[in-house]
Amino acid sequence: MGEAIRRGAADALTDVAGLRVGHAGRAGDGWLTGVTVVLAPEGGAVTAVDVRGGGPGTRETDALDPRNLVPSVEAVVLTGGSAFGLDAASGVVAWLEEQGRGFRVGGPGQVVPVVPAAALFDLGRGGDWGARPGPALGRAAVEAAAASQEGAPVPQGNAGAGTGAVAGGLKGGVGTASLVLPSGTTVAALAVVNAAGSVVDPDTGALWAGPGTSGGPRPAAGPAAAGGPVPPDVLARARRRLAEAAAATADRQARPLNTTLAVVATDAVLTRAQAHKLAGTAHDGLARAVRPVHLLSDGDTVFAMATGRRPLVPPGGGAADPAFGVHIEAGALNEVLAAGADALTRAVRHAVLAAESVEGPGGVFPCYRDLYPA
């Protein structure tokens with residue numbers, strides 16, 4: 001029997017060697033928003049993007065097209081604040097320039113940091129429509145990433161870009177997960193769950209992203225973790241409380257928009273085209289966890305990053321016949337693609353289970369664990 005797929009040491013995006021994650025957020029005094037930065041190792045990571053939501057807010061995503069010039073990027077920014085929040089990337093760009101990190105265009109220090117970013121809609125959820133991330137919050141997030149240790153656990157739930165996230169009326173947030181393939185390649189995901197669709201089966205109260213929806217290892221037993229049906233009385237109470245929360249929030253907000261953002265990463269060597277394929281297939285994992293997904297009121301965006309620490313096909317794993325070698329590489333890439341979707345499903349589950357209820361001037365957002373206690 002071959003080696004099984006297992007979780008990484010931190011079960012987080014940071015299990016991909018070289019990647020660091022930093023959060024910065026504000027809650028209270030009208031605020032409920034934040035920024036998450038994924039910082040690549042110096043020299044950057046091959047990065048791609050696949051945007052499938054109908055209402056995206058993005059920056060520098062065209063630079064990631066495999067047909068274009070920039071071969072790698074130093075950081076990816078996920079931010080609240082809708083289109084206004086994209087300004088948080090300016091703080092990350094400034095910090096990278098100070099470090100001399102970016103696309104080199106001249107002599108020492110002459111760099112242009114290319115920092116792709118995507119935004120989710122959380123405007124007004126803290127009570128103040130004008131409270132949204134800017135360069136200072138972006139800088140705080142990248143500094144937190146740089147100060148963290150390699151392989152460190154990543155805070156989940158109401159953190160960073162997940163501070164004001166909401167998913168189908170439930171409090172959303174940040175979640176992360178990782179898988180180590182039998183080859184030793186690590187594939188991981190980080191998701192900021194802020195969806196128009198629901199993360200919960202309305203008939204059972206179980207998470208759509210239950211353990212049967214991904215190929216990763218099963219979590220410890222328990223009603224919430226296992227995704228089993230919720231007792232009818234608990235389900236009825238949860239429905240009533242969701243309806244009350246929706247009614248209490250309706251007159252405080254404009255019609256909400258949403259967007260789930262994600263980064264899927266691997267330590268394998270990938271071309272830019274292969275990374276683009278990884279970003280695309282990872283959306284399958286999102287579709288298992290949120291229903292419906294990719295709506296016009298969502299801006300669902302998945303980035304893929306490859307740090308290139310491990311060959312896709314180990315030395316000696318190829319074949320002398322070049323034609324057959326192509327199939328071996330395709331098989332190795334398929335394992336990474338499948339794991340990316342599985343890791344993203346698990347990251348969504350972790351985000352929902354880690355989220356904490358919020359009630360304030362901007363709305364009432366109960367969390368899954370409060371509505372469906374184990």
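When I say strand or helix, I mean DSSP runs numbered from the N terminus, E of at least two residues for strands and H or I of at least four for helices. Two strands count as paired if DSSP finds at least two bridges between them. As a quick reminder, strands of a sheet pair through backbone hydrogen bonds, either parallel or antiparallel.

Before I go on, a word on where this comes from. This is a predicted model, so local features need pLDDT of at least 70, side-chain atom pairs count only at pLDDT 80 or more, and totals for chains, interfaces and linings use all residues. Residues are numbered from 1 along each chain as its sequence is written, and side-chain values use heavy atoms, with hydrogens and water left out.

Back to our two strands. Along this pair, A265 stands opposite M305 in β15. How does the chain get from β14 to β15? It crosses through helix α6 (residues 272-289), and this β-α-β crossover is right-handed, meaning that with the strands pointing away from the viewer, the path from the first strand over the helix to the second runs clockwise.

β15 itself covers residues 301-310, and seven of its ten residues are buried. Buried here is under 20% relative accessible area, exposed is over 50%, and partly exposed is in between, with a 1.4 Å probe and protein chains only. β15 also pairs with strand β4 (residues 46-51), antiparallel and over six bridges. There, T301 in β15 is the bridge partner of V51.

Now look at the other partner of β14. Six bridges join β13 to β14, and these two run antiparallel; A188 stands opposite A265 in β14. How many residues of strand β13 (residues 186-193) are buried? Eight of the eight, so β13 is largely enclosed by the rest of the structure. T186, A188, L190 and V192 point one way, while V187, A189, A191 and V193 point the other.

β13 is also joined to strand β12 (residues 173-180) by eight bridges, running antiparallel, with G175 opposite A191. Five residues sit between the strands of this hairpin, and G184 takes a positive phi near 95 degrees.

Let's move to another sheet. Five strands form an open, mixed sheet in the order β2-β3-β6-β9-β5. β2 (20-28) and β5 (57-59) are at the edges with a single partner strand each, so one side of each has no neighbour in the sheet. Neighbouring strands are turned by 10 degrees against each other on average, direction ignored. For angles, axes are lines fitted to C-alpha atoms, for helices over the stretch in contact, and values run from 0 to 180 degrees between N-to-C directions.

Inside that sheet, β3 (residues 31-39) and β6 (residues 75-79) pair antiparallel over five bridges, and V38 stands opposite V76 in β6. Helix α2 (residues 88-98) packs on the sheet, touching β3, β5, β6 and β9 (117-119), with its direction at about 155 degrees to that of β6. Contact means heavy atoms within 4.5 Å. Helix α3 (residues 135-147) lies across β2 and β3, at about 140 degrees to β2.

Finally, the whole chain. There are eight helices and 17 strands, and 55% of the 374 residues count as buried. Thanks, everyone!
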